[in-house]
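Here is a briefing on one protein chain. Look at the sequence and the model first, then read the notes by topic.

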Amino acid sequence: MHRAARTASVAIALATAFAVTACGSSAGDEVAADKKQTLTVWAMGAEGEKLAEVAEKYEKANPNITVKVTPVGWDVAHQKLVSAAAAGKLPDVAQMGGSYLGEFAELGVLEPVDTKTFDKKDFFPAGWQQGEVDGTSYGVPWYVDTRVLYYRTDLAKKAGVGKPPADWKGLRDMASALRDKGDGKWGIYLQPRGLDTVQSFYPFLYSAGGEIVDGDGKAAFDSPATVKALKEYGAYMKDGLSMKSSQPGYDPLKDFNTGDVPMFFSGPWISTLIKDQYPGLKGKWGVAPVPADKTSTSMAGGSSLVISKDSPHKAAAKEFIQHLTDTKGQADWFERTSDLPANTKAWESGELADNPDLQVFKKQMETAKTSPALAKWTEVTSKVDAAIESVTQGKASAEDAAEKAQSEIENLVK
């Protein structure tokens, strides 16, 4: 995949990083894994809090290793990482999503993954691909997520729908039935506009066979498949099946509980929130794979673990990442956080194997598609957000919206 042009902040950091880290650690400076040492680890959000518990247990089994975990809020994570890279002070191990990996791989501050130690066949394909930049792997998949369809089973039954939709026609028919015969105002919630509308659009785009940027790093948003997906998505607002406007940060869970929004696409964390916040919905909801057009393909998300190129503790860092990403470590992490394991063998026993709802996520992950690790991906997706909004608000045809976004994306990925 061709590398995108850098953002201004990353360009400045790049120049600084090369100047500062040119005399970074050499092979002779590196500490053997069995020597006494301290590993520094940055993890984001809730993962940062939970990882400290795992690190404490790891230290007891490996008394020569001290693991210093620093939780970092997602709101400041990017800037802290850029600043640390520029100063040559990245932690030994850091958690990164795909959008970050593209930037920091370009900075030259990440150590390529040792593919003799970590085998991509042990992980979901999309999880592994999230850590690849220009054909080189820089991140080991830690956990994954994807989007599936949540729906009210009780309201579907009341509306005369006996099973979840398998394709686009079935989804449209079910949304119509739920709106007309159910208890709510709408048939489904699809984000109509605003930041990250693309997250809601991905299941339509990918299932139609479309993509934003192709495998060669070239803009591909004006394809017939993309136009088809935009038309289908916009039709839900046009026909009154999904709201045309929602508040920034709108959470459909409250309306899912009342029945006003009986269907929506979301990730695995929603299952826990429904059980904790709305126990009265027990037995009244379910999950199903993304309804298919050409295929049933959803987006893939999650996080990877990376090692700093200048870390003198690469050997110990590699062993710690092995602990977090092997079958046993992944099952333990799921028990602690409900994060879906990236290692597929962790799904072969326990709740992950026995819970039918979790198996829906596993099936969806097997075909899920990851976003390319491009430095300007956030800017690229903002153009897609605008294109989707122009269609859902009736301001442009799908063809014109796709053409405009295509031109803008081309300028970003030259």
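A salt bridge here is a side-chain nitrogen of Lys or Arg within 4 Å of a carboxyl oxygen of Asp or Glu. By that rule the structure holds 16 salt bridges. The model is predicted, so local features need pLDDT of at least 70 and side-chain atom pairs count only at pLDDT 80 or more, while totals for chains, interfaces and linings use all residues. Residues are numbered from 1 along each chain as its sequence is written, and side-chain values use heavy atoms, with hydrogens and water left out.

**Salt bridges**

- Glu53 and Arg336 form a salt bridge, with their closest N and O atoms 3.1 Å apart.
- Glu53 lies in helix α2 (residues 45–61) and Arg336 in helix α13 (residues 327–337), so this pair ties together parts 283 residues apart in sequence. Helices are DSSP runs of H or I with at least four residues, strands are runs of E with at least two, and both are numbered from the N terminus.
- Glu53 is partly exposed at 38% relative accessibility, and Arg336 is partly exposed at 25%. Buried means under 20% relative accessible area, exposed means over 50%, and partly exposed is in between (1.4 Å probe, protein chains only).
- A network of salt bridges links Glu53, Asp332 and Arg336.
- Lys314 meets Glu30 in a salt bridge at 3.1 Å, N to O. The pair links distant parts of the chain, 284 residues apart: Lys314 is in helix α12 (residues 314–325), and Glu30 is in the loop between α1 (8–21) and β1 (37–44).
- Lys314 is buried at 11% relative accessible area, whereas Glu30 is partly exposed at 33%.
- Lys362 and Glu366 pair at 2.8 Å, N to O. They are 4 residues apart in helix α15, which means a separation of about one helical turn.

**Domains and their interface**

- The chain is divided into domain 1 (37–146 + 300–370) and domain 2 (148–297 + 374–411); these bounds come from an automatic or database domain assignment.
- The domain centres, taken over C-alpha atoms, are 28 Å apart. Domain 1 gives 17 residues to the contact and domain 2 gives 19, where contact means heavy atoms within 4.5 Å.
- The two domains bury about 1,400 Å² between them, 63% of it on carbon and sulfur atoms. Buried area is the accessible area (1.4 Å probe) that two parts lose on being put together, summed over both.
- Phe361, Gln364 and Lys369 supply 37% of the area that domain 1 buries against domain 2, more than any other three residues.
- The rule finds 1 salt bridge across the interface. Lys369 forms a salt bridge with Glu211, the closest N and O atoms being 3.6 Å apart.
- On the side of domain 1 that touches domain 2, α4 (98–107), β6 (140–146), α15 (356–367) and β12 (369–370) give two or more residues.

**Helix α4**

- In α4, 9 of the 10 residues are buried, so the helix is largely enclosed by the rest of the structure.
- Gly108 follows α4 and has a positive phi, near 75°.

**Ser207 and Lys231**

- Ser207 sits in helix α8 (residues 197–207) and is buried, with 0% relative accessible area.
- Lys231 sits in helix α9 (residues 224–238) and is partly exposed at 46%.
- Leaving out residues up to four places away in sequence, Lys231 touches Ala398 and Glu399.
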